[in-house]
Amino acid sequence: MSTTAPEVGARSRLPSLTGMRFFAAAVVFVYHVSRQYVFRDQAVNNGFLDVMGRTGGIGVSFFFVLSGFVLTWSARRDEPPRLFWRRRACKIYPNHVVMWAVTIVLMLSTGGVVTVAAAIPNLLLVQSWSPNSDIFFSVNQLAWSLSCEVFFYFLFPFLLRGLLRLDARRLWPCAIALMAAIWCVPFLANLLPQQPAWPEPGNDSVAVWSLWATYIFPPTRLLEFLLGMLLALIVRNGRWIGLRLGPAAGLALLGYLLGMVVPYVWSLVAATVIPLALLVPAAAVADLRGQRSPLRNRVMTYLGEVSFALYLVGGQVTGYLLLAFGKGPVWSVPGGTAFIVVCLLAAVLAAGLLHRYVEQPFMTRFARPRPRPVREIAEESTSR
């Protein structure tokens, strides 16, 4: 059964994908909370970390696949690249610059050190090209993924042009090849120097070079973005395999469980990318066919709309609220759970403010060229 419109540029709304963005941002938030050891009972901290300590990679990987899918789904064939780049810049840079400045103020006010060598690459969103962890995890650490997104956005108009030339019968073979390539990345990364090591909480540790090559390096993460693009074309061309949203979510859960037992460098992307990649088109097809989806209601849509801001502010809210209330494992289980909920609510509130007063005004004012006044056009025509 075909679920597609006849043309890639057609703009069928996919609200479930908007709602899913909130869960991606939320699991990144929980990942950062799990590394803070908020509970007094160390066994509870360890258990929380064991269960949630690898969710950060899932959230980021989902964002990359989803970004490729949504941008391809909504792309206009005749749009000049400069207009696409303009919209993307207006989407990410205002929020990023605000949080960059806020983070620097918070760091300096709490005795942190900020160096120009680290701050400037972070501001310009080029930090992920450096294998130095002091650079790619500088200032607002979560902004490293925006550095990858900037790279994706630059290439997108050219990648789309090439993918649209593919015969529809080759879309699935290309997607499977990309999945295989993503699985090969950790093998190649392990050939890099194994020192220095990047310590992870719990029993996990990874070489900085392996972490960078697998998780941070923009060309490596481009594979997931490309996979999302291909899956959008697969749905658009009526070649989806028929997997429904519920079973796809179950596969995503199994992928996460697999990520808990494989070596750490494989858990970052490889273990979960296939089920995550299947989840995105399954949700899109559910919207296209009018199938039941818990992600389409007004609340989930709003949370999805503020998810980009939530992603940027979530780690900051938790870390600095812990500093304000006393760093260290000071909470009972009920108290710590309540504290985490408060942090999440505060992060959503801060994200809503950032979305309302920074992101939306910039998108409204600058994302598209302003129409020329009728009088100006008439005068130009008369002068000819």
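Of the 384 residues of the chain, 52% count as buried, where buried means under 20% relative accessible area, exposed means over 50%, and partly exposed lies in between, with a 1.4 Å probe and protein chains only. The model is predicted, and local features need pLDDT of at least 70, side-chain atom pairs count only at pLDDT 80 or more, and totals for chains, interfaces and linings use all residues. Residues are numbered from 1 along each chain as its sequence is written, and side-chain values use heavy atoms, with hydrogens and water left out.

**Overall architecture**

The chain contains 17 helices and 2 strands; helices (H or I, at least four residues) and strands (E, at least two) are DSSP runs, numbered from the N terminus. Its accessible surface comes to about 17900 Å², and 65% of this belongs to carbon and sulfur atoms. Accessible areas come from the Shrake-Rupley method with a 1.4 Å probe, and for residues only the protein chains shown count as cover. Among contacts in the chain with a separation of 6 or more, 80% are between residues 24 or more positions apart, a contact being heavy atoms within 4.5 Å.

Helix α9 (residues 208-216) is largely enclosed by the rest of the structure, because 8 of its 9 residues are buried. The buried residues of α9 are V208, S210, L211, W212, A213, T214, Y215 and I216.

Helix α10 (residues 218-236) packs against helix α13 (residues 270-289) at an angle of about 35°, and their axes are 10 Å apart. Here the axes are lines fitted to C-alpha atoms, for helices over the stretch in contact, and angles run from 0 to 180 degrees between N-to-C directions. The α10 and α13 crossing is right-handed; a crossing has this hand if the near helix is turned clockwise from the far one by less than a right angle, and is left-handed if anticlockwise. On the α10 side, E224, L227, L231 and V235 meet V273, A277, P281, V285 and L288 of α13.

V285 also has a spatial relation to G242: the two are 43 residues apart in sequence and 8.5 Å apart in space, C-alpha to C-alpha. G242 is found in the loop between α10 and α11 (245-261), and its relative accessibility of 38% means that G242 counts as partly exposed.

**Salt bridges**

The structure holds 4 salt bridges, each defined as a side-chain nitrogen of Lys or Arg within 4 Å of a carboxyl oxygen of Asp or Glu.

| Pair | N to O distance |
|---|---|
| E79 and R87 | 2.2 Å |
| R169 and D167 | 3.0 Å |
| R221 and E224 | 2.6 Å |

E79 counts as buried at 18% relative accessibility, and R87 is also buried, at 15%. R221 and E224 are both buried; both lie in helix α10, 3 residues apart, about one turn of the helix. E224 is also one of the α10 residues that meet α13.

**Nonpolar surface patch**

V116, I120, L124, V126 and W129 form a nonpolar patch on the surface, with about 460 Å² of accessible area together. Patches are made of residues with over 30% relative accessible area and no salt bridge, like charges being joined within 9 Å and nonpolar side chains (Val, Leu, Ile, Met, Phe, Trp, Tyr) within 5 Å.
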